[in-house]
Amino acid sequence: MIKQGTQSWNPGTYDTQLGFVSKLGKGILDWLDPQPGEHILDLGCGTGDLAVEIAGTGSKVTGMDQSEAMIVSARSKYPDITFIVGDGEQFSFEAPFDAIFSNAALHWMKNARGVIESVRDSLKSGGRFVAEFGGKGNVDGFVRAFYEVMPRYGIEPAERNPWYFPSIGEYTSLLEQYGFEVRIAEHFDRPTPLPEGDTGVMHWLDGFGDAFFKGLEDAARQSAKQEVYEAAKQKLPTASGVYLADYRRIRISAVKL
Ligand code: BEZ
């Protein structure tokens with residue numbers, strides 16, 4: 001995860017309670033198809049679980065994340081990999097990469113143009129940009145719950161919403177504008193079981209909902225979170241009694257021309 005902005009990251013709970021984020025990201029590694037000796041940037045690497053998988057194929061990986069806490073955790077878990085703190089909306093490297101990879105991070109970066117421009121300038125010609133992130137309609141049950149509840153606490157949700165969930169048309173057009181050829185693009189539903197029943201819904205809010213609650217006193221914060229939790233449970237799909245996060249993903253594979 002990168003571009004923490006208003007979001008605080010807790011590497012411990014990220015790994016234990018929200019570990020499905022990295023596990024589900026493994027599918028996009030097939031699209032990356034890393035080759036031995038390639039230099040690859042993992043943009044928004046979180047605690048490094050996918051960076052280490054990429055490095056396992058013999059490529060040289062740099063993991064970058066805006067959260068210092070995540071980078072500290074990644075370095076201690078995987079000391080042989082290079083991890084750096086950096087801003088995904090504005091970055092540059094002296095030596096360009098063969099490929100830039102990103103899982104579950106780009107939706108935290110609202111300045112998509114800044115991201116795409118930085119990615120382009122950090123890739124070799126012919127280099128690959130392979131990414132998975134939230135697409136239009138992603139986590140709509142949670143988003144609607146925030147929009148319903150937060151005005152009651154004097155918070156305008158649209159001003160707090162930290163996420164960028166573009167349509168596939170919007171994102172692939174942007175890539176083309178910035179000099180990429182889009183080779184594959186997909187927008188698909190991925191309902192994701194939240195572990196531990198109702199607690200999983202609260203863990204999700206604890207892990208990802210910070211921006212909406214910032215600035216509230218403790219009591220108001222607890223009460224707002226409880227209301228969002230109840231509202232979200234009304235809106236989220238379920239399967240066999242388990243709440244599902246209504247994830248909708250975009251996957252893209254593009255080449256710098
Ligand atoms: C996602 O992985 O789609 C996501 C995670 C946290 C907040 C919003 C979206």
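Two residues are in contact when heavy atoms of theirs lie within 4.5 Å. Helices are DSSP runs (H or I, at least four residues), numbered from the N terminus. This is a predicted model, in which local features need pLDDT of at least 70 and side-chain atom pairs pLDDT 80 or more, while totals for chains, interfaces and linings use all residues. Residues are numbered from 1 along each chain as its sequence is written, and side-chain values use heavy atoms, without hydrogens and water.

**View 1. Helix H7 against helix H12.** H7 spans residues 140-149. Its axis and that of H12 come within 8 Å and cross at roughly 135° (axes are fitted to C-alpha atoms over the stretch in contact; angles between N-to-C directions run from 0 to 180 degrees). The crossing is right-handed (near helix turned clockwise from the far one by less than a right angle). H7 brings Gly141, Phe142, Arg144, Ala145, Phe146, Glu148 and Val149 to the contact. Ala224, Glu227, Val228, Ala231, Ala232 and Lys235 of H12 meet them. By class, eight residues of this contact are nonpolar, one is polar and four are charged (nonpolar: Ala, Val, Leu, Ile, Met, Phe, Trp, Tyr, Cys, Pro; charged: Asp, Glu, Lys, Arg; polar: the others, Gly among them).

**View 2. Helix H10 against helix H12.** H10 covers residues 198-208 and H12 residues 218-235. They pack at about 125°, axes 10 Å apart. That angle makes H10 oblique to H12. H10 passes H12 in a right-handed crossing. From H10 come Asp198, Val201, Met202, Leu205 and Asp206. From H12 come Lys225, Gln226, Val228, Tyr229, Ala232 and Lys233. The contact of H10 with H12 holds six nonpolar residues, one polar and four charged.

**View 3. Helix H6 against helix H9.** H6 (residues 112-121) and H9 (residues 168-177) pack at about 45°. Their axes are 10 Å apart. The pair is therefore oblique, and H6 crosses H9 in a right-handed sense. Ala112, Arg113 and Ile116 of H6 touch Tyr171, Leu174, Leu175 and Gln177 of H9. Five residues in the contact of H6 with H9 are nonpolar, one is polar and one is charged.

View 4. A polar side-chain atom of Asn138 is 2.7 Å from a ligand oxygen atom. For Arg249, a side-chain N or O atom lies 2.4 Å from an oxygen atom of the ligand.

Notes: Helices (H or I, at least four residues) and strands (E, at least two) are DSSP runs, numbered from the N terminus. Angles under 35 degrees count as roughly parallel, over 145 as roughly antiparallel, 65 to 115 as roughly perpendicular and the rest as oblique. A polar contact is a pair of N or O atoms within 3.5 Å; within protein, one must be able to donate a hydrogen and the other to accept it, and residues adjacent in sequence count only if both atoms are side-chain atoms.
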